[in-house]
Amino acid sequence: MPLTAYAAGFTRLALANVTREYPNSPAHLTTSPEEEVRPSALHPAFHGAYDWHSSVHMHWLLVRLLRRYGGTPALPGTGPVIKVIDTHLTPENIATEAAYLLGHPSFERPYGWAWLVALAAECRTYGGAVGARWAEALAPAVAAVDTLLAGWLPRATYPVRHGNHPNSAFALGLLLDADALPAPTTAAVRRRLLDWFADDHDAPAHWEPSGQDFLSPALAEADAMRRVLAREDFARWLDDFLPALRTGAPCRPLEVPVVSDHTDPQIGHLLGLTLSRAAALRSIAAALPGGHVRTRLAEAAEAHLAAGLPALELQDFTTGHWLATFAALALEAGSAPTTTGVSR
């Protein structure tokens with residue numbers, strides 16, 4: 001089912017989320033009793049949707065849906081969306097956000113950073129006076145992320161490989177897709193992915209999933225590598241990394257996870273895993289030459305998508321504050337160019 005069928009519902013959900021300040025998990029280290037800790041004071045642009053990164057990527061979802069479907073029968077009324085984003089993405093608000101990022105250099109690293117850059121790229125692509133206004137407002141925050149990446153990447157000797165927010169491969173893949181950073185930073189991101197992962201083989205995929213994953217460590221890594229390797233090189237790398245795909249042996253990242261309690265904030269992450277896996281599987285399949293591996297990945301992607309999409313009907317803020325973004329990624333995955341790499 002295409003994203004267009006969900007455009008109106010996802011827009012309503014995202015609007016409700018980004019304008020909802022509480023409940024809120026600010027991830028802010030309080031250092032004195034006098035410190036202002038209201039979410040809307042700390043983060044005047046991104047204080048809704050329970051936490052900062054979810055607010056950022058729900059704004060991304062709003063702009064993506066506006067760009068894809070605004071003014072069409074799928075999303076006829078765009079005024080309320082533009083008004084909310086205009087209220088949040090002001091130069092004053094973003095100046096506060098940028099200062100916070102620079103003052104707290106490990107905050108939302110690297111997941112939230114990547115979504116912020118993706119949001120700015122989506123605004124730029126949306127274009128027109130409205131998109132240009134939002135992209136210009138976001139520019140200082142993007143510059144802050146660029147500064148933070150320049151300080152962090154050389155020190156990031158080892159990647160984070162688990163299936164939650166600090167996962168290195170997922171975030172750096174988003175940064176490459178956004179293509180919104182200066183060329184030296186983009187080159188540094190690509191080099192770091194190759195340094196971390198180019199020689200990986202025999203991934204312990206049988207360990208997946210962990211009990212609160214919303215990303216697959218193995219598939220996130222493979223999805224990042226298809227962005228930096230040419231098609232034939234990527235196919236060879238994937239054979240070494242997940243040999244079970246080629247041999248036809250069982251491969252746990254292809255098996256739909258069991259979600260025993262969607263209302264539990266951590267177990268409920270597994271709903272997101274079904275959708276993030278679907279996105280990765282679709283994109284990896286599209287990056288491969290034809291054959292049984294590609295077919296196997298595509299079939300697994302559809303099984304994960306079928307399992308995850310019904311969760312969007314749940315009236316539960318525990319998952320509703322973030323899940324639609326991953327549904328959008330899954331529904332659109334594989335439809336864009338799949339590799340930007342060069343031969344090793």
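1. T186 is found in helix 9, which covers residues 183-197. The model is a predicted one, and in it T186 counts as buried because its relative accessibility is 18%, where buried means under 20%. Leaving aside neighbours within four places in sequence, T186 is in contact with L176 and L181.

2. One of these two partners, L176, belongs to the buried residues of helix 8. The buried set consists of S168, A169, F170, A171, L172, G173, L174, L175, L176 and A178. These residues pack against helix 6, helix 7, helix 9, helix 10 (217-225) and helix 16 (323-332).

3. The loop between helix 8 and helix 9 holds D179. Its phi is near 50°, which is a positive value in a residue other than glycine. D179 has a relative accessible area of 52% and is therefore exposed, the cut-off for exposed being over 50%.

4. A27 sits in the loop between helix 1 and helix 2, and it counts as exposed because its relative accessibility is 57%.

5. The loop between helix 1 (7-18) and helix 2 (39-42) also contains P23. The peptide bond from Y22 to P23 is cis, and its omega is near 0°. Another cis peptide bond leads from R109 to P110, with omega near -5°. P110 is placed in the loop between helix 5 (91-103) and helix 6.

6. Next come the helix pairs. Two packed helices are described by the angle between their axes and the distance between the axes. For helix 6 (residues 111-126) and helix 7 (residues 128-152), the axes come within 8 Å and cross at roughly 150°. The two helices are therefore roughly antiparallel to each other, angles over 145 degrees being counted that way. The crossing of helix 6 past helix 7 is left-handed.

7. Which residues of helix 6 and helix 7 meet? From helix 6 they are W113, L116, V117, L119, A120, C123, R124 and Y126. From helix 7 they are G128, V130, G131, W134, A135, L138, A141, V142, V145, L148, L149 and W152. Sorted by class, this contact has 17 nonpolar, two polar and one charged residues.

8. Helix 3 (residues 52-69) and helix 4 (residues 79-88) form another pair, with axes that come within 11 Å and cross at roughly 140°. Helix 3 and helix 4 are therefore oblique to each other, and helix 3 passes helix 4 in a left-handed crossing. In this pair, H59, L62, V63 and L66 of helix 3 meet V81, I82, I85 and H88 of helix 4. By class, the contact has six nonpolar, two polar and no charged residues.

9. Last, the core. The largest nonpolar core has 120 residues. Which residues have the most contacts inside it? They are F46 and L242. With neighbours within four places in sequence left aside, L242 is in contact with A203, A205, A218, L219 and C251.

Key: Residues are numbered from 1 along each chain as its sequence is written. This is a predicted model: local features need pLDDT of at least 70, side-chain atom pairs count only at pLDDT 80 or more; totals for chains, interfaces and linings use all residues. Side-chain values use heavy atoms; hydrogens and water are left out. A nonpolar core is a set of buried Ala, Val, Leu, Ile, Met, Phe, Trp, Tyr and Cys residues joined through side-chain atoms within 4.5 Å. Buried means under 20% relative accessible area, exposed over 50%, partly exposed in between (1.4 Å probe, protein chains only). Contact means heavy atoms within 4.5 Å. Axes are lines fitted to C-alpha atoms, for helices over the stretch in contact, and angles run from 0 to 180 degrees between N-to-C directions. Helices (H or I, at least four residues) and strands (E, at least two) are DSSP runs, numbered from the N terminus. Angles under 35 degrees count as roughly parallel, over 145 as roughly antiparallel, 65 to 115 as roughly perpendicular and the rest as oblique. A crossing is left-handed if the near helix is turned anticlockwise from the far one by less than a right angle, and right-handed if clockwise. Ala, Val, Leu, Ile, Met, Phe, Trp, Tyr, Cys and Pro count as nonpolar, Asp, Glu, Lys and Arg as charged, and the others, Gly among them, as polar.
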